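The tour goes stop by stop, starting inside the protein.

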Amino acid sequence: MDDIELRDIRVCIDRKVPPKTANERMALVKGSLWPPNIGVTVSFLDGEEILHQRVRDVARQWEDYVAQLRFFFRDGVDRRADIRISFTERGSWSYIGTDCLSITGDRPTMNFGWLSATSPEEELRRVVLHEFGHALGCLHEHQNPAGGIKWNKDAVYAYYAGPPNYWSKEDVDHNLFDVYNKDLTVYTSVDPRSIMMYPIDRRFTLDGLEVRLNTDLSDQDKRFIGGPEAYG
């Protein structure tokens, strides 16, 4: 991954502080999982209809692997919907799983801050799959409590302080270095191809670990989200 590939990449802003203890992998937060055999309602609070349709088409790719859950997209603005999507706030983010149910109806629970009706298909797919992964209860892969990335923290701070993210040191700590308590999560072996993994330039690690930009669900994403660990 060279500087030209990395320099314009925007990544998800985490909406929940990870309970601290350990380290990294495809993981789910136990307390935020949807119950089985449920329909999750989704509404758009703003944005163009053509963009709504593109987001719907991509989000439903998760349904091919989560047989016990379906997304029901509402017509018009429905502030009672479980998931409420905006395109107007800073960054792209989503509350994790059922955490969205604690957010008042006047607020979005998912945001796509840089997507538009003309966004390239590959970029839209990677962002929408990632955020709907959070909505299903998935964590960031690099904050999963099973691995351990040997970060070159100074290099990471320096990169994310600049465009297009403009993150503070606290933003970087929260979104990359903080990890989830293994007692609060369900997780598998590390999956560098997961849609929930940030791209990692080799300069960001002390051992040369590199993760390229993932734009599709990995085989492990598909198996894990539909397995007994996730939705019984």
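Begin with the largest cavity, which holds about 120 Å³ of space. A cavity here is a set of points on a 1 Å grid, over the protein atoms alone, where a 1.4 Å probe fits but cannot get out. Points are joined across faces, edges and corners, and the volume is the space filled by probe spheres set on them. By this rule there is 1 cavity of 30 Å³ or more.

This is a predicted model: local features need pLDDT of at least 70, side-chain atom pairs count only at pLDDT 80 or more, and totals for chains, interfaces and linings use all residues. Numbering runs from 1 along each chain as its sequence is written, and side-chain values use heavy atoms, with hydrogens and water left out.

Select V11, C12, R126, H130 and I195. These lie nearest the centre of the largest cavity, among 14 lining residues (those with an atom within 4 Å of a point). The lining divides into 9 nonpolar, 2 polar and 3 charged residues. Ala, Val, Leu, Ile, Met, Phe, Trp, Tyr, Cys and Pro count as nonpolar, Asp, Glu, Lys and Arg as charged, and the others, Gly among them, as polar.

Strands (E, at least two residues) and helices (H or I, at least four) are DSSP runs, numbered from the N terminus; two strands pair if DSSP finds at least two bridges between them.

Zoom in on strand 5 and strand 6 (residues 110-112). They pair antiparallel over 3 bridges. W93 has N111 of strand 6 as its bridge partner.

Two loop stops remain. The peptide bond from P163 to P164 is cis, with omega near 5°. P164 sits in the loop between helix 4 (153-160) and helix 5 (169-177). Finish at N37, in the loop between strand 1 (27-29) and strand 2. N37 is not a glycine, yet its phi is positive, about 55°.

Definitions and conventions. 1 Å grid on protein atoms, 1.4 Å probe; cavity = no way out; pocket = protein on both sides within 12 Å on 5 of 7 lines; lining within 4 Å.
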